[in-house]
Amino acid sequence: MGKNTLRLAGAGIAAMLACSAPASGERASLTMLDQLDAGRWELRLRDSGIPAERMCISNGRRFIQLRHPEVTCERLVVEDGPSEVTVQYTCRGQGYGRTSIRRETNRLLQIQSQGIRDGLPFEFSAEARRVGNCSG
């Protein structure tokens, strides 16, 4: 094979890969997070000595931005598997993060997150467990 043939073959493969990627702005599936049971969840940070935090979760996507709650951020789905997701997000002027969530059951998760919030770095590893229904 000549150099031109190899170049054309490489360009063809690159074009096929580009066409198979999701379009920019297309909503990522994140089905695993949508399947989690809503309710009261307990978040326990590993190796911190900090008491567990309880929160009412209506949608598993809330676990992506634990250090940037209530902030609208741009998200890039890095991994979207049946039992694990990884999402990078950027919150203009407020920081960014990268969170990996592994589902053990629809009521038990392992979470790792790191990033910048209010100009300061954060990094944590935690277990989230559904502990009941939300009151009210």
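## Close-up views of a predicted model

View 1. Gly81 lies in the loop between strand 3 and strand 4. The model shown here is predicted. Gly81 has a relative accessibility of 17%, so this glycine counts as buried. Its C-alpha atom is 7.8 Å from the C-alpha atom of Leu30. Along the chain, Gly81 and Leu30 are 51 residues apart. Leu30 belongs to another loop, the one between helix 1 and helix 2. Leu30 is buried because its relative accessibility is 3%. Look at the backbone of Leu30 as well: its phi is near 50 degrees. That is a positive value in a residue other than glycine.

**View 2. Glu70, a positive phi in an exposed residue.** Glu70 sits in the loop between strand 2 and strand 3. Its phi is positive, about 65 degrees, although Glu70 is not a glycine. Is Glu70 buried or exposed? Its relative accessible area is 79%, so Glu70 is exposed.

**View 3. The disulfide between Cys56 and Cys134.** A search of the whole structure finds 2 disulfides. A disulfide is a covalent bond between the sulfur atoms of two cysteines. In this view, Cys56 is joined to Cys134, with an S to S distance of 1.8 Å. The pair links distant parts of the chain, 78 residues apart. Cys56 is in strand 2, and Cys134 is in the segment after strand 7. The torsion about the S-S bond is about 115 degrees, so this disulfide is right-handed. Cys56 counts as partly exposed because its relative accessibility is 48%. Cys134, at 29%, also counts as partly exposed.

**View 4. The disulfide between Cys73 and Cys91.** Here the S to S distance is 1.9 Å. What is the handedness of the disulfide of Cys73 and Cys91? The torsion about its S-S bond is about 95 degrees, so the disulfide is right-handed. Cys73 lies in the loop between strand 2 and strand 3, while Cys91 lies in strand 4. The bond therefore ties together parts that are 18 residues apart in sequence. Cys73 has 15% relative accessibility, so Cys73 counts as buried. Cys91 is buried too, with a relative accessible area of 1%. Count the bonded cysteines along the chain, and the disulfides follow the pattern 1-4, 2-3.

**View 5. Trp41 and Phe63, an aromatic pair.** The whole structure holds 2 aromatic pairs. A pair of aromatic rings is described by the distance of the centres and the angle of the planes. For Trp41 and Phe63, the centres are 5.1 Å apart and the planes make an angle of 70 degrees. Pairs with planes over 60 degrees apart count as edge-to-face, and the pair of Trp41 and Phe63 is edge-to-face. Where do Trp41 and Phe63 lie? Trp41 is in strand 1, and Phe63 is in the loop between strand 2 and strand 3. The two are 22 residues apart, so the pair links distant parts of the chain. Trp41 counts as buried because its relative accessibility is 1%. Phe63 is buried as well, also at 1%.

**View 6. The largest nonpolar core.** In soluble globular proteins, nonpolar side chains tend to be buried together. The largest nonpolar core of this model has 25 residues. Which residues touch the most other members? They are Leu33, Trp41, Phe63, Ile101, Leu109 and Ile111. Several elements each supply at least two residues, among them helix 2, strand 1 and strand 7. Now follow Ile101 through its contacts. Leaving out residues up to four places away in sequence, Ile101 touches residues including Met32, Leu33, Phe63, Val85, Leu109 and Ile111.

**View 7. Arg67 over the ring of Phe124.** Arg67 lies over the face of Phe124. The distance from the ring centre is 4.5 Å.

**View 8. Confidence along the chain.** The chain averages a pLDDT of 84. At least 70 is reached by 79% of the residues. Among the elements, strand 4 has the highest mean pLDDT, 98. Helix 1, residues 3–20, has the lowest, 43. Over residues 5–26 the pLDDT is below 50. Beyond near neighbours in sequence, this stretch has 1 contact in the model. Where pLDDT is low, the predicted coordinates should not be read in detail.

Terms used:
Residues are numbered from 1 along each chain as its sequence is written. This is a predicted model: local features need pLDDT of at least 70, side-chain atom pairs count only at pLDDT 80 or more; totals for chains, interfaces and linings use all residues. Side-chain values use heavy atoms; hydrogens and water are left out. Rings of Phe, Tyr and Trp (its six-membered ring) pair if their centres lie within 6.5 Å; planes under 30 degrees apart count as stacked, over 60 as edge-to-face and the rest as tilted. Helices (H or I, at least four residues) and strands (E, at least two) are DSSP runs, numbered from the N terminus. Buried means under 20% relative accessible area, exposed over 50%, partly exposed in between (1.4 Å probe, protein chains only). A charge sits over a ring if NZ of Lys or CZ of Arg is within 6 Å of the ring centre and within 35 degrees of the ring normal. A nonpolar core is a set of buried Ala, Val, Leu, Ile, Met, Phe, Trp, Tyr and Cys residues joined through side-chain atoms within 4.5 Å. Contact means heavy atoms within 4.5 Å. pLDDT is the predictor's confidence in each residue, from 0 to 100. A disulfide is a pair of cysteine sulfur atoms within 2.5 Å.
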